[in-house]
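Please look over the model before reading on.

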Amino acid sequence: MTDIKIEFKEKLLKTIEIQNKLFGNSNNFDNNTKEAFVNLGNYWIDRIGKESFTLTSLKSISTEILTYWKESIGIDTELFWTELQKNNIDFERKDELNFALEKGRFRRVEIGIGARKYWSVIKEFESIQKRFSKENIEKVDLIIDQDEKKRLEILRKCLRKKEIPQTQYLKFGECWAYMSNCGLWDKYFSKEEVEELLNIWKNFD
């Protein structure tokens, strides 16, 4: 086994250990999600310890482990990359905040949900303050606000017309998920309106 492979293997095992510890301590995931991630981590720890993987295979495993952390915005995501840095683990980060700043939008609805739920907390983190200027931090605030308003308007339009346009069906589902996961229904709609939107969705053809 080459020194490069030994080093990569140790780096990967430490990364999985950090992930498992974060999920174990986190209050931001339901128990099923936490269990699924920890079980996956333990599965790879066990296999890596027993089997001889090529460097290419180890890199493939690391891609699987890192996918969530590269494609999310949240408290645990910031803590994960901070812990990697503290442990001199140099896996490359694909920062979704950079994508949002460049494009003026979030790549996918679940990333927008993470930003809406956790940005007010993580924007005070040292890791964020070091990576982004005050202007860019304020720009993320604006992108989140615009994302919320855009999704709200889609739902309001469907409510006014009492139908979901064929071209907006997937968007409607995303908006529903956004409002539900961010706890925004009570902010914008009455219970009767939410019920009406649900019936419109159920009766879509």
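This is a predicted model: local features need pLDDT of at least 70, side-chain atom pairs count only at pLDDT 80 or more; totals for chains, interfaces and linings use all residues.

Residues are numbered from 1 along each chain as its sequence is written, and side-chain values use heavy atoms, leaving out hydrogens and water.

**Salt bridges**
- The structure holds 22 salt bridges (a side-chain nitrogen of Lys or Arg within 4 Å of a carboxyl oxygen of Asp or Glu).
- Lys-11 pairs with Asp-90, with the closest N and O atoms 2.7 Å apart.
- Lys-11 sits in helix α1 and Asp-90 in the loop between α4 (75-86) and α5 (96-103), so this pair ties together parts 79 residues apart in sequence.
- Helices here are DSSP runs (H or I, at least four residues), numbered from the N terminus.
- Lys-11 is buried at 18% relative accessibility, while Asp-90 is exposed at 59%.
- Buried means under 20% relative accessible area, exposed over 50%, and partly exposed in between (1.4 Å probe, protein chains only).
- Glu-17 and Lys-14 form a salt bridge at 3.1 Å, N to O.
- They are three residues apart in helix α1, so about one helical turn separates them.
- Glu-71, Lys-94, Arg-108 and Glu-110 form a network of salt bridges.

**Thr-15**
- Thr-15 lies in helix α1 (residues 3-25).
- Thr-15 is buried, with 0% relative accessibility.
- Beyond neighbours within four places in sequence, Thr-15 contacts Ile-65, Leu-66, Phe-80, Leu-84, Ile-89 and Phe-91 (contact: heavy atoms within 4.5 Å).

Methods. Helices (H or I, at least four residues) and strands (E, at least two) are DSSP runs, numbered from the N terminus.
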